[in-house]
Amino acid sequence: MKRSCKIAALTNLCLLGLLLIVGAVCFYPLGVSTAGQQAGRVCREGDRDSRYVSPMFCVFDGADYVPQILDTLDDFGVKATFFVSGSWADDHAATLREIESRGHELGNGGYFQTDLGKLSYEKVREEIRLCGELVQMLTGRSMSLYCPFDGGCSDEVADAAESLGYTVVLWSQDTKDLSDADRTMIFDRAAEARGGELIRMHPTAETAAALPSVLQFYLENDLEPVPVSVNIAGIAKG
């Protein structure tokens, strides 16, 4: 009888361990390091008691749709944040300058769209530095926010960004507009936003088409779209 109880207890412990491992895999996708996030070094939201929401455009493609997005933002009197990759900025300097000239915030997305988890501290730092220097050369503007496009932030990534004076930013709401090219789905996800939300978007045809409805929804629901830096001002990271 005692032997059976010990076996049962050991079996239960093994099952518990297996469940914990499965849970960890579900919550933290393989290949994406979250060490920097767990250490509380990343801004993922603003003040949840505020009216602020921040559409943040991650730009490494889709230059053809940026003018339409800029016109829509102008129509609603909204200033947003555009996280640009250096390689995109190098190929689309005129569009980059247009974003800046209309008063929008520019953020650093690294030079290439790269799996940062595979790079050393020195390589990550070089990615961020090159993008920052290029954007400043093309626009005369320095940047203070860095967003890793792959959503992962290891300690090496956080160290590299902070060494260059950047605040690391991720998003709290993802429209998934690259995987689901459907304006209704994009609107539905963006409309789930509440105060303090950082909403990831990309310059795509369907996102550009959904954006007027998204901004109208925010205004009708007493939410104020603002740049990311305004949203996270005074908020402790983590």
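Q: What makes strand β1 (residues 52-59) and β7 a pair, and in which sense do they run?

A: In this predicted model, whose residues are numbered from 1 along each chain as its sequence is written, local features need pLDDT of at least 70 and side-chain atom pairs count only at pLDDT 80 or more, while totals for chains, interfaces and linings use all residues. Side-chain values use heavy atoms, with hydrogens and water left out. Two strands (E runs of at least two residues in DSSP, numbered from the N terminus, as are helices, which are H or I runs of at least four) pair if DSSP finds at least two bridges between them. Five bridges join β1 and β7 in the parallel sense, and one of the contributors is Pro55, whose bridge partner in β7 is Ile199.

Q: How many bridges link β6 and β7, and how is the crossover between these strands handed?

A: Two bridges link β6 and β7, in the parallel sense, and Asp174 has Arg200 of β7 as its bridge partner. From β6 the chain passes through helix α8 (residues 183-190) to β7 in a right-handed β-α-β crossover, the path over the helix running clockwise when the strands point away from the viewer.

Q: What makes β7 a mostly covered strand?

A: Buried means under 20% relative accessible area (exposed is over 50%, partly exposed in between, with a 1.4 Å probe and protein chains only), and five of the five residues of β7 (residues 197-201) are buried. Side chains of a regular strand alternate between the two faces of the sheet. Both faces of β7 are covered, with Glu197, Ile199 and Met201 buried on one side and Leu198 and Arg200 on the other.

Q: Why is Val169 called buried?

A: Val169 is called buried because its relative accessible area is 0%, a value under the 20% limit. Val169 lies in the loop between β5 (167-168) and β6 (173-174). Beyond its neighbours within four places in sequence, its contacts (heavy atoms within 4.5 Å) include Val42, Met56, Phe83, Leu198 and Ile232. Val169 and Ile232 are 63 residues apart in sequence, yet 9.3 Å apart in space, C-alpha to C-alpha.

Q: Why are the buried residues of α3 said to line one face of the helix?

A: In helix α3 (residues 66-75), the buried residues are Val66, Ile69, Leu70, Thr72 and Leu73. Seen down the axis of α3, these residues fall within an arc of 160°, so they line one face of the helix; the arc is that of the directions from the helix axis to the C-beta atoms. Their cover includes β1, β2 (81-84) and α9 (205-220).
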